[in-house]
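Work through the exercises below with the sequence and the structure side by side, trying each task before reading its solution.

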Amino acid sequence: MEERLKTYCELLSKLIVPTTRPESVNDKLIYATSSIEIDKIAVQDRVVISNYTLKLLSREQRMYLAQLLIKEQVVAQRKLLSHWSTITAQSSMIDTGYIAQHLVSLQTQIAGQGMRGKGDDLCDGSEVKSANFLDSLDKNGATAPRWNFMANTVDIMERFLDYKSIYLLSIDYNPSNNYRIRIWKVNIQEHQILRKRYIEWMNKLGYPKFADTKGKPSVNFQLFPPKSGTNENYARHGNGRTNGFSKLHIPLENTTGSELIFQADVKNNDVFISKF
């Protein structure tokens, strides 16, 4: 390890120990991160720092950081954006894509790739997808957020079947009309219902589209998350039309290949984590 990185990691290990109170962890991390110019560090070294930091943190410390992240990036940000949305009539929807990746890293202790844009979402090759029901109404008053798996080549389309871990995050309302955030971990190699449907979709829609070499073909496998305001715990695919796919419920809990790994509910601006 480069000397500068070694020095930084040693500082972290002195500041963060198992007995460090969760409430003081973020202040210590802010102190540590202020001593490093992250923009001057190579991407691969950022991943090293992240993995080292995440492994130092206990479950209770990571849970507290997850609460802070939700308060800052969901509760507070939505309130601020709602103010500006009233003035400008622009969307107040928050970007849940990166919030999802931060939360998954805190829960799994797996770092990201140290950059935004193309590439795997986590450094172990896992994929993270998010869907946000908050402020997602269209002009007709409908809301239909979804988990999109887009591909512009056959190789990318087929890669879906090779993922061992796909993390699906949903931000919606619970039956009490409070914000709720859930994350499911899916193993596509074990989840036979989802795997079978995806193969059916590739054969019926994916491969035929890529067979047409005119233009730049692309495909998008869409999963609809559990309905907001309910306790449903299954994804949905298919519209039941004769030219499409039959309606299918894809269980995300109590089934081989998928489990709920995170749930947080927001009440009176406080974040309560019930699953971590």
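**Exercise 1.** Find which strand gives the most to the lining of the second largest pocket.

*Solution.* The strand to pick out is β5, which contributes four residues to the lining of the second largest pocket; strands here are DSSP runs of E with at least two residues, helices are runs of H or I with at least four, and both are numbered from the N terminus. Then sort the lining by type, which gives seven nonpolar, eight polar and three charged residues, where Ala, Val, Leu, Ile, Met, Phe, Trp, Tyr, Cys and Pro count as nonpolar, Asp, Glu, Lys and Arg as charged, and the others, Gly among them, as polar.

The model is a predicted one, in which local features need pLDDT of at least 70 and side-chain atom pairs count only at pLDDT 80 or more, while totals for chains, interfaces and linings use all residues. Residues are numbered from 1 along each chain as its sequence is written, and side-chain values use heavy atoms, with hydrogens and water left out.

**Exercise 2.** Follow helix α4 from residue 59 to residue 88 and describe its course.

*Solution.* Begin with the length: α4 has 30 residues and reaches 41 Å from its first C-alpha to its last, close to the expected 44 Å, a span defined as 1.5 Å times one less than the number of residues. Continue to Q77, where α4 bends by about 35°, the angle between axes fitted to the seven residues ending there and the seven starting there. Finish just after the helix, where A89 takes a positive phi of about 60°.
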